[in-house]
Amino acid sequence: MSTEVKVPTLGESVTEATIGEWLKQPGEAVAVDEPIASLETDKVAVEVPSPVAGVMGQQVAAVGDTVNVGAVIATIEAGAGKAAAPAAAPAAAKAEAAAPAPAATAAPAEDGVDTVTTMSPAVRRLVLEHGVDPTKIKGSGKDGRLTKEDVLAAANAAPEAAPAPAATVAAAPAASGAPGRREERVKMTRMRQTIAKRLKSAQDTAAMLTTFNDVDMSAVIATRDKYRESFEKKHGVRLGFMSFFTKAVALAAHDIPAVNARIDGDEIVYHDYLDVSVAVSAPNGLVVPVVRNADSLSFADIEKAIADLGKRAKEGTLTMEDMTGGTFTISNGGVFGGLMSTPIINPPQSAVLGLHRIEDRPVVRNGEIVIRPMMYIAMSYDHRLIDGREAVTFLKTIKEAIEDPTRLLIDL
C-alpha cells in the first residue's frame, strides 16, 4: 500500500517551491511526521513530513526541481524499511547525474566514507558558501554522509578558518586545462533569486539616497559593561548593541513618522507601531525576520527576540510568519568588520539603518583631541517619501540617543 506525499501549503501567495534536499532515500524507514524532504521557497526552507510510518518509496521529483503546492513528490510504502538504501529512484539518479563530479584528489573521511562524493547538492552549496574543508568534517548522516548541520557546526566552530581549497568540492576543469584549477556551476537557490529580484526592484523603483553620521559609543559600551553580568543573570540573554539602536529607532520614528511608512500606489501608509526587520546572515542568503512591536518591547525582550531569530535563521527553521511584514530594517554589517556602507531598502519599506564596526578614532571634545570608540551609521531612504531634512534629523536623533542613553528612558 502506498501513501502519497504532497507539497504542503507554503503560505500566502506562495504557490511553488524547489526541492532543496531529500532527507530520506528510497528503502529507508520513515516515522510518522518525520521530515523526508526540504523545500526552498522564496523566503524560507520548509521541511516536508511523512504523513505515515513506513518505507521511503519513489521520489517523483529530483533535487532542484520546481514543484507546485499540492503536487505529489514521493510515496511512502508499507513496511519496516531496509538496513541500507537501494539504488536511487530515477528522479534521484537524474539529480546525481546532473551534480558536478568531485575532484579525484579528494581525501576520504576517517571512517572510510568519501565525504565529497556523498555530499548532496544542498550540502555542497553550504560547503562552498562557508569555505570549509569537507574532508575534515565527520558526517553524522547515514553511512557517514555529511549533513547541512555538520557543515554549519564546522563553520560556526572555526569562523576564522581558511576556506577549503576549491579542488575539494569543485568539478569541471578550467578551459586552460591547468592542473589544480577547478570550478563548479551551482544553480542559485530560489531564496537568493528572490533576494536579487527584490533588491534590484528597490533600486529601480525607489528614489534611493543615503545619509551618514558617526556615533560615539562610549556611553553605551560603559552601560553594557556595567550591567552585562546582572542583565544576563536576570534575563538569560546577553545585552547587545541592537536593543539600544532598536530603542533609538523607535524614539526617532515617533518624531519622524515618514521613515516608518510606505508608499502604496498614490497613498502613504503610516504605522502606529514599529515592526523591525533585522538583517541576518543565513545559509541560503540574507534574510530579514521581524521583531514585532519593537517600540513597546523592553531591552531584554528585544535581545531575546533577536537572539531567537538569529539562531533559527542559522538552523534554517524560520517560518513564513517570521519573515512577513516589517516597517523598518536594521542591518548590522559591523559584525563582519564593515567600516561603512550604503544599505539598500527592503521594499515596500522606505528606510533602512546600517550599523558598522566600532573602532577607536581621534575626535575633538571640548577643544581637545581624544580617542573615542566611534561607529559610522548610515540610513538609506526613499526620497519620494522622506525629505533630506527628515532623514538627517532622524539619524541625528539616533546619534544623540546612543551617545546619551538616558534619552531612551525619558523619551527625549
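Guide: Before we start, pLDDT is the predictor's confidence in each residue, from 0 to 100, and what stands above is a predicted model.

Visitor: Which residues have pLDDT under 50?

Guide: Residues 83-114 stay under 50, and there the model has 46 contacts beyond four places in sequence; residues 160-171 also stay under 50, with 29 such contacts.

Visitor: Switching to the sheet of four strands, what's the order?

Guide: The sheet is open and its strands run in the order E1-E8-E6-E3, with antiparallel pairing. Strand E1 (2-6) and strand E3 (29-30) each have a single partner strand, so one side of each is left without a neighbour in the sheet.

Visitor: And how many bridges join E3 to E6?

Guide: Two bridges join E3 to strand E6, residues 54-59, and the two strands run antiparallel; Val30 stands opposite Gly54 in E6.

Visitor: Now the helices: at what angle do H6 and H7 cross?

Guide: The axes of helix H6 (residues 242-255) and helix H7 (residues 299-315) cross at roughly 115 degrees and come within 9 Å, and the crossing is right-handed.

Visitor: Which residues make that contact?

Guide: From H6 the contact uses Met242, Ser243, Phe244, Thr246 and Lys247, and from H7 Phe299, Ile302, Glu303 and Ile306. By class, the contact of H6 with H7 has five nonpolar, two polar and two charged residues.

How values were computed: Residues numbered from 1 in each chain as written. Predicted model: local features only at pLDDT ≥ 70, side-chain atom pairs only at ≥ 80, totals over all residues. Heavy atoms only, no water. Pairing = 2+ DSSP bridges. Axes fitted to C-alpha atoms, helices over the stretch in contact; angles between N-to-C directions. Left-handed = near helix turned anticlockwise from the far one by under 90°. Contact = heavy atoms within 4.5 Å. Nonpolar A, V, L, I, M, F, W, Y, C, P; charged D, E, K, R; others polar.
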